[in-house]
Amino acid sequence: MKTGFDYRIGPGMSSLMMIFVVLCMAVLAVLTLAVVQVDSVLNEKSAAATLSYYQAAVQVQRDLKALDAELEQARADSNGDVAAYVDRLMTLGQGGGAVIDEDSGEWMIRIVVPMGADRQLEALVTIPKALEGERYRLVSHQAQVTSPWDAPESIGYYQRPE
């Protein structure tokens, strides 16, 4: 005569448990594959953006080198005459978008290199009118988004009832 309870797990319960484990593993595998594909696309976009930035930065450096050579030649051609140097700066500024900063009396030149469909790299250079010292000063060097940003009408913040 049996006095205790006998709990036994039959073959049906272990089969159901095995099916559940296999399904869980399959779902996790599919989710992992989806995450890897999304990360791959994001990494490719990031690599393309980084490559375009560095290509634009190299072009800005080439433009700065050419500008430095032009300024050195302008100083040499002016022979210490500030008016001749300023006239040469005027001819440089016609093609490069130079403007005079009224506050400091320095020339400002923007160098803009496109970095793709909606981005550009901009360098802002100031050129002192003095014939001695530095030929130019790099004031800013930054990537900018050129496409307009359409602000939403409402952000949807919670408005407390009055």
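User: Is Arg75 buried or exposed in this structure?

Analyst: Burial is read from relative accessible area (buried under 20%, exposed over 50%, partly exposed in between, with a 1.4 Å probe and protein chains only). Arg75 has a relative accessible area of 15%, so Arg75 is buried. The model is predicted, so local features need pLDDT of at least 70 and side-chain atom pairs count only at pLDDT 80 or more, while totals for chains, interfaces and linings use all residues. Residues are numbered from 1 along each chain as its sequence is written, and side-chain values use heavy atoms, with hydrogens and water left out.

User: Where is Arg75 placed, and which residues is Arg75 in contact with?

Analyst: Elements are DSSP runs numbered from the N terminus (helices are H or I with at least four residues, strands are E with at least two). Arg75 belongs to helix H1. A contact means heavy atoms within 4.5 Å. Once neighbours within four places in sequence are set aside, the contacts of Arg75 are Tyr85, Ala130, Leu131, Glu132, Gly133, Glu134 and Arg135. The C-alpha atoms of Arg75 and Val86 are separated by 9.7 Å, with the two residues eleven apart along the chain.

User: How many helices and strands does the protein chain have, and how many of its residues are buried?

Analyst: The protein chain has two helices and four strands, and from the N terminus on they run α-α-β-β-β-β. The chain contains 162 residues, of which 20% count as buried. Of the contacts between residues at least 6 apart in sequence, 44% join residues at least 24 apart. Accessible areas come from the Shrake-Rupley method with a 1.4 Å probe, and for residues only the protein chains shown count as cover. The protein chain exposes about 12,600 Å², with carbon and sulfur atoms supplying 60% of that area.

User: What span should H1 have, and how far apart are its end C-alpha atoms?

Analyst: The expected span of a helix is 1.5 Å times one less than its number of residues. Helix H1 covers residues 11-78. Its 68 residues should therefore span 100 Å, and the end C-alpha atoms are 99 Å apart, which agrees. The buried residues of H1 include Ser52, Ala56, Val60, Leu64, Leu67, Leu71 and Arg75. Just after H1, Asn79 takes a positive phi of about 50°.

User: How many salt bridges does the whole structure contain?

Analyst: Side chains of opposite charge can pair when their charged atoms come close. A salt bridge is a side-chain nitrogen of Lys or Arg within 4 Å of a carboxyl oxygen of Asp or Glu. A search of the whole structure finds three. One of them pairs Arg135 with Asp68, with the closest N and O atoms 2.6 Å apart. Arg135 is in the loop between S3 and strand S4 (137-145) and Asp68 in helix H1, so this pair ties together parts 67 residues apart in sequence. Arg135 is partly exposed, at 26% relative accessible area. Arg137 also forms a salt bridge, with Glu134, where the closest N and O atoms are 2.6 Å apart. Arg137 is partly exposed at 36%, and Glu134 is partly exposed at 38%.

User: What do the side chains of Glu122 and Arg110 form?

Analyst: They meet in a salt bridge of 2.7 Å, N to O. This pair links distant parts of the chain, since Glu122 is in strand S3 and Arg110 in strand S2 (residues 106-114), twelve residues apart. Glu122 is buried at 10% relative accessible area, whereas Arg110 is partly exposed at 43%.

User: Which residue does the side chain of Glu122 join through a polar contact of 3.4 Å?

Analyst: A polar contact is a pair of N or O atoms within 3.5 Å; within protein, one must be able to donate a hydrogen and the other to accept it, and residues adjacent in sequence count only if both atoms are side-chain atoms. The 3.4 Å contact joins the side chains of Glu122 and Gln144.

User: Is Thr126 buried or exposed?

Analyst: Thr126, in strand S3 (residues 119-127), has a relative accessible area of 6% and is therefore buried. Beyond neighbours within four places in sequence, its contacts include Trp107, Met108, Tyr136 and Val139.
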